[in-house]
Amino acid sequence: MDERTSALNLIPRRRWRRWRADQQWEAYLFLLPSFAGFLVFTALPIIGSLALSFARWNLLTPPQLIGLANYTQLIGQDPIFRRVAWNTAFFIVTIVPSQIILSLLFAVALNQPIRGVKVYRLIYFMPVVATIVAAALVFQWMFNRDFGIVSAVIWKLGEWTGLPISPPDWLNSTVWAKPAVVILTLWKNMGFSIVIYLAGLQAIPKELYDAAEVDGASAWQRFRYVTVPMVSPTTFFLAVILMIGAFQLFSEPYVMTRGGPAQATLTIVYYIYQNAFEFGRMGKAAAIAWVLFIFIFAFTFLQTRLQRRWVHYEAGE
Amino acid sequence: MSHLRPQSAQSFRLRPRPAHIVLHAILIVGSGLMLLPFLWMLSTSLKEPSEIFTYPPIWIPRRLAWENYAQAIAAMPFGRFYLNSLIVASSVTLLQLLTSSLAGFAFARLRFRGRNTLFLLYLATLMIPFQVTMIPNFILIRYLRWYDTYQALILPPSFSAFSTFLMRQYLLSIPLDLDEAARVDGASSWRIWWQIILPLSGPVLAALTIFIFLNAWNDFLWPLVVTNSLEMRTLPVGLSTFQGQYNVQWHLLMAGSVIALAPVLAVYIAGQNWFVQGITLSGMGGR
């Protein structure tokens with residue numbers, strides 16, 4: 001956790017006495033490779049993208065300045081954008097909380113001194129290193145209604161319980177395609193948040209648990225009143241990271257559903273991709289990217305504001 | 001994950017033994033769910049076409065159809081995709097390590113005018129999602145006539161404000177007296193960077209190497225946008241092209257997926273501690 005706490009301390013508290021003449025030019029040379037790349041591939045493109053968002057340009061005919069039209073169209077009269085924003089919101093509110101809860105529970109389980117815990121950890125982290133395209137392909141096949149393994153399991157469940165349940169046509173259903181994407185995302189990324197939680201869990205002082213046990217706290221109470229508050233900084237970190245990730249969902253729906261059916265899984269980033277590289281609307285794509293930035297910025301800001309209410313930092317940290 | 005102390009005595013423990021049995025049950029079910037897609041992929045990749053579309057699905061094919069792999073490799077240049085991924089991911093990793101360790105050194109250990117302003121500029125761009133800069137970068141690549149080349153795949157991702165930030169944070173934790181002592185002995189900044197600071201940066205360099213390499217290897221959106229020919233596709237993009245052409249031939253698609261996944265998983269299983277350490281230290285992952 002050292003890295004994390006020092007990361008908060010962005011600018012050294014003690015100001016440097018003075019810049020040193022002999023290090024002045026050297027420093028610029030050290031910075032040069034990084035700064036040149038930063039300027040060409042990050043800083044200037046940011047300005048370029050902002051300018052582009054006020055224009056109409058298909059790369060073939062000269063660009064045309066149209067003021068705020070890209071933005072006003074998006075907000076006022078683009079039904080697809082509305083749907084896309086709604087889809088993205090759906091993914092955020094389903095993925096972020098479920099991933100946090102599940103991975104905290106599994107992290108606690110994987111932090112127990114039991115036999116074979118190393119093997120379990122190896123398995124749970126495996127999807128994180130897997131290529132998302134390959135993962136999405138298998139899930140597409142698993143969610144096939146007629147021959148997929150998921151449907152087979154649901155049919156079997158119906159047989160065993162005698163209940164009239166039948167699997168939906170997952171990826172061709174506007175209702176069920178979204179949950180399928182959510183399941184893929186959870187499977188793929190859970191190992192990552194489990195590992196982050198494991199690091200957080202091991203920073204909790206043992207004395208707290210001892211004291212709770214002396215006071216007669218049950219396992220559930222120790223979890224609820226010691227573990228949960230003590231890992232709240234990790235939970236906060238994950239909530240921010242996972243939300244930003246969910247805002248940027250692209251590969252999963254691209255490979256699994258191509259955004260369909262009927263745009264049910266089209267996300268904001270997918271819509272940027274479509275506009276720029278399928279419809280040749282560079283200006284509009286840039287405008288959507290900026291709206292995405294505003295969303296991410298606003299929600300991250302909101303989360304840092306809300307954290308005071310529930311994130312528990314130890315005194316002196 | 002050895003640094004995450006598997007047998008930790010330090011935290012929340014379930015005391016009674018029966019609890020462990022329940023725990024094993026839950027973890028085994030969880031492991032089954034995590035492994036299921038891999039196994040189902042492997043199983044399908046070895047089936048004959050007639051066995052793919054059966055209900056109920058079978059797990060173990062009557063005959064292992066290894067020819068599926070030969071067919072997949074014949075249909076798509078997977079060797080070329082590998083080579084491209086390897087070239088791109090290693091170049092991006094090397095260049096990003098170089099640029100960010102140089103810049104991190106300047107930001108953490110040299111005194112110069114405008115240091116804090118420049119650093120804040122770097123930090124500010126961390127907030128901006130990649131999608132914002134993607135479109136101008138694509139236009140720039142086209143303008144430079146780099147579309148569908150290695151330069152396009154390698155150069156833009158080789159400069160990262162995040163890596164620079166991480167390097168700087170780490171380098172701040174090394175005592176400055178070291179530099180001062182070396183300077184008194186007449187060492188130049190270059191020697192200090194190369195012979196003192198870099199050797200002391202092992203953990204952060206290792207973490208960044210894994211993080212950058214894994215991200216570059218698995219990256220999908222940027223290579224999708226700047227490549228067009230089969231010869232320039234990286235593994236994930238190549239696989240998605242394969243999908244487009246073999247949409248119902250699930251045995252071939254799964255064989256292609258196994259081909260894409262097997263080496264990464266093998267490397268991960270061989271060096272799992274490194275992977276996990278890299279991801280925790282850099283605090284990022286996934287995408």
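I take helices as DSSP runs of H or I, at least four residues long, numbered from the N terminus. The model I am reading is predicted.

**Entry 1: A:Asn275**

I looked up A:Asn275 first. I find A:Asn275 in helix 13 of chain A, which covers residues 268–278. Is A:Asn275 buried or exposed? Its relative accessibility is 0%, and buried means under 20%, so I log A:Asn275 as buried. I then checked its side chain. The side chain of A:Asn275 comes to 2.9 Å from the backbone oxygen of A:Tyr271. Next I set aside neighbours within four places in sequence and listed the contacts. A:Asn275 then touches A:Gly280, A:Arg281, A:Lys284, A:Ala285 and A:Ile288.

**Entry 2: A:Phe54**

I moved to A:Phe54. I place A:Phe54 in the loop between helix 2 and strand 1 (55–56) of chain A.

**Entry 3: chain A overall**

I went through chain A as a whole. I count 14 helices and two strands. The C-alpha trace spans about 70 × 70 × 35 Å along its principal axes. Chain A has 317 residues, and 54% of them are buried. I looked at contacts between residues at least 6 apart in sequence. Of these, 68% join residues at least 24 apart. Chain A exposes about 14800 Å², and 65% of that comes from carbon and sulfur atoms.

**Entry 4: chain A against chain B**

I turned to the two chains together. I find 117 residues of chain A in contact with 119 residues of chain B. Between them the chains bury about 11400 Å², with 71% of it on carbon and sulfur atoms. How many salt bridges are there between chain A and chain B? I find zero. For polar contacts between chain A and chain B I have 19 residue pairs, both residues at pLDDT 80 or more. Which element of chain A gives the most to the side that touches chain B? I find that helix 2 (residues 21–52) does, with 21 residues. I sorted the residues on that side of chain A by class. They divide into 82 nonpolar, 19 polar and 16 charged.

Conventions
Residues are numbered from 1 along each chain as its sequence is written. Chains are lettered from A and ligands numbered from 1 in the order in which they are written. Side-chain values use heavy atoms; hydrogens and water are left out. Buried means under 20% relative accessible area, exposed over 50%, partly exposed in between (1.4 Å probe, protein chains only). A polar contact is a pair of N or O atoms within 3.5 Å; within protein, one must be able to donate a hydrogen and the other to accept it, and residues adjacent in sequence count only if both atoms are side-chain atoms. Contact means heavy atoms within 4.5 Å. Buried area is the accessible area (1.4 Å probe) that two parts lose on being put together, summed over both. A salt bridge is a side-chain nitrogen of Lys or Arg within 4 Å of a carboxyl oxygen of Asp or Glu. Ala, Val, Leu, Ile, Met, Phe, Trp, Tyr, Cys and Pro count as nonpolar, Asp, Glu, Lys and Arg as charged, and the others, Gly among them, as polar. Accessible areas come from the Shrake-Rupley method with a 1.4 Å probe; for residues, only the protein chains shown count as cover.
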